[in-house]
Amino acid sequence: MTTSIIGFPRIGENRELKFNTEKYWRNEITEDDLQTAAKDLRAKHWQLLKYAGIDEIPSNDFSFFDTTLDTAYLFNIVPDAVKQLNLSQLDRYFALARGYQGDKGDIKALPMKKWFNTNYHYLVPQFYEDTDIKLSDTKIFDEYQEAKDAGIQTRPVIVGPFTLLSLSEFHDSKPEAFVDKLVAAYQGVFEKLAAQGAEWIQLDEPELVKDVIGESYDLFKKVYQDLLKNKAGLKVLIQTYFGDVRDVYEDLIDLPVEGIGLDFHEGRKTLELVKSGFPDDKILYAGVVNGKNIWRNHYEDTINLLKSLPVKNLVISTSCSLLHVPFTIENEEFPEEIKQHFAFAKEKLSELVELQAILDGKDKDAEARNKKLFEKPRVTENPKVHERVAALNDDSFVRHPSLEQRAEIQKKEFNLPLLPTTTIGSFPQTKEVKRTRAQFRKHEISQEEYDKFIAGHIDEWLKWQEDIGLDVLVHGEFERNDMVEYFGQNLEGYLFSKNGWVQSYGTRGVKPPIIWGDVARDKPITVKWSKYAQSKTDKLVKGMLTGPVTILNWSFPREDISQRESTIQIALAIQDEVLDLEKNGIKIIQIDEAALREKLPLRKTDWYSEYLDWAVPAFRLVHSKVKPTTQIHTHMCYSEFTDIIPAIQNMDADVISFEASRSNLEILDALQQEHFKLQVGPGVYDIHSPRIPSVDEIKNTIHKIIEKVPEGKVWINPDCGLKTRGVKEAKASVENLTQAAKEVRAEV
Ligand code: GLN
Ligand code: ZN
């Protein structure tokens, strides 16, 4: 029995890669300095894997930004405009990742998208008719050699051709047109690596866990049929993750490859598939240690699972790259009784090695130690929460009266003008705001001083909102660092790591909170500042909350209860908050579900049964008890929900705002066709850019909106919160927005 992993976090134990790369970008260190730092980091990680006892070690899982970009770069899939910039190999790479604006030219960054169902982002390769695929980078070879010189035989990793083609964007061209050249280029890589002495190559093909049907299936067949005709003597591992490969399992096990990597955590059907038969002449890389979550592996279950597999050649591996978990638990300050339940990347290596030893009959202690961890509940249980969940019935998830009736009631109650204007919640988080919050956190300023500061900001921004004539105001969220962390810190059942960074994109990381126990709210969280703001103005001030699905999706979830159950607990806690806001005179409450769209299952066929069927009711639970006169808003960051419009409607909010301007308002057609019932606020300008939209431009957009959606149902607002914007541009843009709304109102 052997051990392996799919990939290791590259940012470093103390985010060394981030800090060095950013220094390089700021011209504080040279390219040589950066290359040396990167090399040291790679060496450290390979040694770490080796000393942990991992038998098969990957290379080229390192990246300065993103491995999909690395792969595109390797194959010369680089837009001409970027090639024409007279830049070094490394700077051209960074130009693709971040754009370039300087004396050599001005180009935009490649688009960035979420990597499958994770919070990691990849850069989207762009194919044009004249894209000339050929080997044009040496990173994969250099890194293989680097490890080899250090005495470590590695298995180079690269994004596989099927996934690469499936994730790319094609301009005036189709994937099929590039298959021959791409296949030849991959074969070129095989040849070179084989000549260097490599034995294996790992082709990452997570795309295979999606619905691989129709054209997609044909593409997969074609690519692999051709590719495997010439492997240059290398052994090939096709590595999948994030789900199961039910559409192509039979094809996969028939391919002339030596290894197949399958995910036993997220792949619900993986076990069933393998049990249906696995060839003796292939190795199964069994992803049994969860690469996406931070809980200790249950050895007994894993051993039983592995023993039940009718497989002759087995390698124990992780379910996906360890990129998605933090580096090590060693630097955390949790008490030992909590810490013992967690395994970050480094600890997962020991888990693999212990599992191997147990299977080989060499480590009885490890099994016993592990067993003890699972004897008692791992988390703090809260009987009150259990009682509340048990008492829920169907009606708990339904708001009365109906949406239409509420709309009538609220119309009379609020008497808002046509095309009411509002913003999404946050105002610019200036350096001063961030600094003051940090000072308060470190007890450098008193509660009183801090409160005075926040109140001052709220006053100032309320006054501005009144002056420019916004209809529904917000308090500005100055007291919040992050829309999930803020709630986590104020809820029971949450833990926060000190150094638990996970790469989100490039040098940016997130530190997801950990759901440690039953989630409950013991005191109001947002009431103080919402109530304060409402007391300062005669206009309506929106209460501002984060929804349960988003809170769960941006945390490390529990494994001992289902995500549904966890979400219901969070929903009940937020429900308390909603009712407290209502009790304190807040008449409009926005419950953001920024991340609801993002965790849709990878297979369309699973969307409802696996996710929406509980995520949508969880949202309804949050607001089901409010009075008919209380207006519930929700906000989503993506407009790409044309395909789940019935589900969005089912959330039964009164108003929804969403990003629309960047996607050319495409969603409006869908809303029109489906006779969308909710009031809508399609963002009228893009807040992700510092550009200030003119009054005419916004009027134009509003006209486009009311062509498709009845004007009585339309709200006018920006795309998203303004917290990342500068004060000047934020104010100018919103002023133009209110002006545009006024002018259109006068016309219709
Ligand atoms: N209310 C939040 C804000 O304005 C919403 C953020 C988001 O959707 N990501 O910042
Ligand atoms: Zn948003």
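1. In this predicted model, Asn119 is partly exposed, because 18 other C-beta atoms lie within 10 Å of its own, and a residue counts as buried at 20 or more and as exposed at 12 or fewer. Asn119 sits in the loop between β5 and β6 (121-123), and, once its neighbours within four places in sequence are left aside, it is in contact with Ser504 and Val510.

2. Lys114 belongs to strand β5, which covers residues 112-114. Lys114 is likewise partly exposed, since 16 other C-beta atoms are found within 10 Å, and, not counting residues up to four places away in sequence, Lys114 touches His121 and Glu598.

3. His688 is placed in the loop between β24 and α27 (695-708), and it is classed as partly exposed because 13 other C-beta atoms lie within 10 Å.

4. Ile692 is found in the loop between β24 and α27 as well, and it too is partly exposed, given that 16 other C-beta atoms lie within 10 Å. Leaving aside neighbours within four places in sequence, Ile692 is in contact with Glu729, Ala732, Ser733 and Asn736. The C-alpha atom of Ile692 is separated by 19 Å from that of Trp461, a residue 231 places apart from it along the chain.

5. Which residues come nearest to ligand 1? Of the 13 residues around this ligand, they are Ile424, Gly425, Ser426, Ala594 and Gly721. Sorted by class, the shell consists of 6 nonpolar, 4 polar and 3 charged residues.

6. Turning to the sheets, 8 strands form an open sheet with parallel pairing, in the order β1-β14-β13-β12-β11-β10-β8-β2. Its edge strands are β1 (2-3) and β2 (57-59), each of which pairs on one side only. Helix α12 (residues 299-308) packs on this sheet, where it touches β13 (283-289) and β14 (313-318), and its direction makes about 160° with that of β13. Helix α14 (residues 345-359) also packs on the sheet, touching β1, β13 and β14, with its direction at about 155° to that of β14.

7. Within that sheet, strand β10 (residues 200-204) pairs with strand β11 (residues 235-239) in the parallel sense over 5 bridges, and Leu203 has Ile238 of β11 as its bridge partner. Strand β11 in turn pairs with β12 in the parallel sense over 3 bridges, and here Ile238 has Ile260 of β12 as its bridge partner.

8. Is strand β12 (residues 259-263) largely enclosed or left open? It is largely enclosed by the rest of the structure, because 5 of its 5 residues are buried. In a regular strand the side chains alternate between the two faces of the sheet. In β12, Gly259, Gly261 and Asp263 point one way while Ile260 and Leu262 point the other way, and all are buried.

9. A further open sheet has 6 strands in the order β15-β20-β21-β22-β23-β24, with parallel pairing. The strands at its edges are β15 (472-473) and β24 (679-682), each pairing on one side only. Strand β21 (residues 588-592) runs parallel to strand β22 (residues 631-636) and is joined to it by 5 bridges, with Ile591 standing opposite Thr634 of β22.

10. Antiparallel pairing is found between strand β16 (residues 492-495) and β19, over 3 bridges, where the bridge partner of Leu495 is Ile514 in β19. Strand β19 (residues 514-520) is largely enclosed by the rest of the structure, since 6 of its 7 residues are buried.

Key. Residues numbered from 1 in each chain as written. Chains lettered and ligands numbered in written order. Predicted model: local features only at pLDDT ≥ 70, side-chain atom pairs only at ≥ 80, totals over all residues. Near = placed C-beta within 6 Å. Nonpolar A, V, L, I, M, F, W, Y, C, P; charged D, E, K, R; others polar. Pairing = 2+ DSSP bridges. Helix = DSSP H or I, 4+ residues; strand = E, 2+ residues; numbered from the N terminus. Contact = placed C-beta atoms within 7 Å. Axes fitted to C-alpha atoms, helices over the stretch in contact; angles between N-to-C directions.
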